Amino acid sequence: MFPSRFDFLAAHSVDEAVALKAEGGGDTRILAGGQSLLPMMKIRLASPEKLIDINNIAGLDVIQRHDSYLRVGALARHADVAASDLTFGVVESAAPWIADPIVRNRGTLCGSVAHCDPEGDWNSVLLASGADVIARGPNGERSIAIGDFVQGIFTNALEDDEMVTEVRIHVPASRSGGVYLKLERKIGDYATVAVAAHLELHGDGTIGKAGLALTSVAPTNLKVGTAEATLVGQAPSEDLFAAAGELAAQACEPRDDVRGTAHWKRQVVRTFTRRALAAAAAQAQGK
Amino acid sequence: MTTTAPTTPPEIGGIGHSVRRHEDARFIEGQGNYLDDITLPGMLHMAILRAPVAHARINSIDASAATALEGVIAVVTGDLMAQHGLAWMPTLSGDTQAVLVTDKVRYQGQEVAAVIATDPYIATDALELIEVDYDILPPITTPQQALEPGAPLIRDEKEGQTDNRVYTWEAGDKAATDAAFARADRVVSLETHYPRSHPSPLETCGIIADVNSVTGQATIHLTSQAPHAHRTLFAMVAGLPEQDLRIISPDLGGGFGNKVPIYPGYVVATAASLLLQHPVKWVESRSENLISTGFARDYYMKGELAVTNEGKILALRVDMLSDQGAFYADAQPTKFRAGLFHVVTGSYDYPVAHVSCSGAYTNKAPGGVAYRCSFRITEASFLIERLVQTAAYELGIDPADFRFKNFIQPEQFPYHSPTGFVYDSGDYPTALRMALDEIGYEDLRAEQKRAREEGRLIGIGIAHFTEAVGAGPSHTYDIAGLKMFDSAELRVHPTGKAILKLGVKSQGQGHETTFAQIVAEELGIPVTDVKVMEGDTDNTPYGLGTYASRSTPVAGAATAMVSRKLAEKAKIIAAHLLEAAPADIELHNGEFSVSGSPDHTVTIQAVALAAYTNCPDGMEYGFESVHYYDPPNLTYPYGSYVVVVEVDADTGVWKVQRMVALDDCGVRINPMIVEGQIHGGLTEGFAMSSMQWITFDDDGNCIGSNFMDYLVPTAWETPKYELLSTAVPSPHHPIGAKGVGESATVGSPAAFVNAVVDALAHLGVRNIDMPVLPDRVWAAIEAAKA
Amino acid sequence: MEVNVTINGVATTHEIEPRVLLVDYIRTRAGLTGTHIGCDTTSCGACTVLLDGKPVKSCTVLAMQADGRQVTTVEGLKSNGTLHPIQAAFKEEHGLQCGFCTPGMMIVGAALIDENQAPSDDDVRWAISGNICRCTGYMNIVKAIQAAAASNAGATA
């Protein structure tokens, strides 16, 4: 119910936060929304020695279109993303379904991305649309493609002295559509199974780019490259999407657990992939 | 009649008015007085160390590091409790239960030690410093496993206990039932498990024990649905003199049966307060509440109906095995080992039945009777309504028609059931007909047919339940020997205002309003002039408390009776003031008049004043009385619920499209409050049918011990309900009311499950156990296709 | 560490350990017990308060994170002795039974009706999907929030 003792420092700039993080090492955690970290600390699954609170750093709540990407700063809350006019497709579709409405007021997209929970939603969305994570350390900034950033269960590519300052989500160049279909037992539960589908169409209506990623059915959020490859260059069709659904069902590694059998979860992946791709295509076609 | 029309004007607010609740004033301003809101000077905080494993011998406990932590006052272990004879305590079912482990752990989450500290954060820190050496033993996780020959003995400390069986019990006539089965055209059977769930009120359980040896007073603030019974039991178990023991049950954030048992934490906190001479507060966390306090259900049931080919039920046979956890601790009337489960014959007319019950110990928390179960009528009602639905499919008869064919008819009341219940009143056919008409049943069946042709799965589920509440008559019912009367004490002050004190205890049911309405009805004192008090054993008459929907049937009757006692005295005083004969005095809406001269009146307020200032010669001054009501029978509310669902054939996900719920609880004191109770109960039924359960893995780890795993639906998942009512009064209740608190939780799960099964019935699917999870639904569809 | 939190317009200052949760600060340092604790997994919403005007679960915010900020609890809904429309509506529509979830529900409801003058059933159910109620089945909570929105709209019209 109550966390162990820790030291608390409120940073007022990114440089200060980074310096404090570098000084503290592995047992120092960044505290933004805290909606993943604090629950773990309350049941003592995590007991960091120091927390660096970044909630007072100005400018980190940015949500802004810049060139070909959508910048989402480290303090942009899920609710801010959901309310923003600047989102699109799969991002817009997923945002309202993160956690519950009160947690969305506090938790951040970047925090969720950094947390790398395979049952978390955002990393599937970003794997489908494409994104880069901007990490700042004592030696400066670097950009990490989302596929490289998500390394394992609760494991990201950050060094101990780095923090995420923003995520840059690739904005589609052409006609596009995207949908996030999430099966959850109730609002606030993690996804039992979820599918993020993102399609960009050529002028002739064939698929130029396809992004398909799955939540809660593998050790990390899973980009289904095999299925994506079968979609590129093809005209959207029911059969095409059903075949992609079959590949996605085969590619994932769900487990039997209290949310359901693995066999059934593959069926949901199969079904949701088909439905999500069809909805994404319809969106892209302006229907 | 469909509703109770009020006979008093709104200013008086008697029966039938949807009076807005008096108690709301403090709750809407955040001024409720819940247990954790209370602080006492010098108060210490207790935290409990709980076993991480389900079955293990404890070799040693080293609390030295914990005791040394700054802020820790004491660490209590089983050994210390044993020195005071408190390591074990009696249960309400005649068993014993460990307070703190002295020999072995018998369920995951069991209480092993307690830390008393100056601050709850420090108490939690200290828990991590206690070292316990466990020798893990093989756990028993199902009652079937428990009863296998050679199964490890869970209650090895109990003298004479040679296996894991807890009880056997039966009701009805086996020979006659067997004979009826032998004659039957067909036997329809159903095996189903009603899974373990948990009442989980939003406020967890807690205590502040303040035992003061200087004043000799022990004041126990306790989340208690039955403060008087708790006081007597505390006095007996802890050896505290009962006159100096005061239990105060404050505002309760829900109960649903969770606040009826006496928990080890209560005993440890009380002992700690006695030893340390400081108030000791213990408020459990949600995880503690779910893993260790009184769970609900966990009945494995097999039901068989003997039927004719035309669809008439001849007999019912039921065999049931219950999972009782590690200690048999149910609060239920002592004559019955399975509560009122033997009311399983349901709403149908047939002459014979036999119900055979047994229970087993397992390595799980104790409990079973809880979560608005009406003493196991949730289980009984679920079985019969699922069985009746199954019979309809097997005979090729529409499920509604099957019920109409077999209903107990209105003229058969009072109805003597084959297992000894006497149903007081009802009109089942009218109720079901109304519910079916409201939902458009025939049109829905046509739509279902069309949908099937398109490959869509629509299902219509019916449940018609009969409850048995208001325990109960002293000839049959007692808990730990205490008869199940209840009480009301009423005093009217000189200014005509009144105070009503009750032996029951609200946890959200609105007693401060509804019981005042009974007084308003009987005496014509405006409802806002009646203050209702409950929960403080020094200031209320003795009662058995609020659970099993008994407050209105028993304490409500007591309230009516005590009001009538005062009405009788009032008439004599009025006669004195009006210079007439008492026999000529009439009371109407708070005014006394002489029959035949309606203009010659005196108010109840004037009479109240006279009771203190101007009594007739020879009459005792004052204006108060008490009534202890021993009900002559239970009351039998009932209802017809109809649910429409659509099932997604590709994923097994199902959604409620509509639900119509008709309830008949006799006279409704406050229709608004009755509807609120029904909304809540339907939601609990929906939860259990769709997502809410506690299960265990093979190692005895509890899955469902926090709100991430034990699922309570939000407003987004919860269906919308359309409520209807009929109101056939209870003939034996002073105001004709039956009580309704648990009806919807009892009746609705079968309606939801019947709906999903109905959606798949044409594929040959007959049963899916609760919770009806989407993977189970999809698997049933796949299996049927194969 | 010293923390300064303005609660319902009143400045509070206390010396606390950083690990003190905001809900405990509110209940035991500021002595405002209307905000409740119902779970330990950030699931139930009984602890919901406004932090700088936005509903948050105060059990999953450190008191230190409210330093220099504004908190509104149920005790702050009433103004100048007049009940907030949401409070009046909860009583009128029987939106509470045991009252334990009610402060959190009303905080969320108050925030909703500030933004949405005529919320639909679905709008309300969506907004309160982070708050658990065990007693009411939500039907009358939805009615209460809609009634409060209507009376609010009427008042400002």
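This is a predicted model: local features need pLDDT of at least 70, side-chain atom pairs count only at pLDDT 80 or more; totals for chains, interfaces and linings use all residues.
Residues are numbered from 1 along each chain as its sequence is written, chains are lettered from A in the order in which they are written, and side-chain values use heavy atoms, with hydrogens and water left out.

Between chain B and chain C, 51 residues of chain B are in contact with 46 residues of chain C (heavy atoms within 4.5 Å). B:Ile28, B:Tyr121 and B:Leu202 supply 19% of the area that chain B buries against chain C, more than any other three residues. Buried area is the accessible area (1.4 Å probe) that two parts lose on being put together, summed over both. The rule finds seven salt bridges across this interface (a side-chain nitrogen of Lys or Arg within 4 Å of a carboxyl oxygen of Asp or Glu). One of them joins B:Lys720 to C:Asp121, with the closest N and O atoms 3.2 Å apart.

Chain C is divided into domain 1 (2–76) and domain 2 (85–156), with bounds from an automatic or database domain assignment. Their C-alpha centres lie 21 Å apart. C:His36, C:Thr48 and C:Val74 supply 41% of the area that domain 1 buries against domain 2, more than any other three residues. Zero salt bridges are found between these domains.

| Interface | Buried area | Share on carbon and sulfur atoms |
|---|---|---|
| Chain B and chain C | about 4300 Å² | 56% |
| Domain 1 and domain 2 of chain C | about 1000 Å² | 67% |
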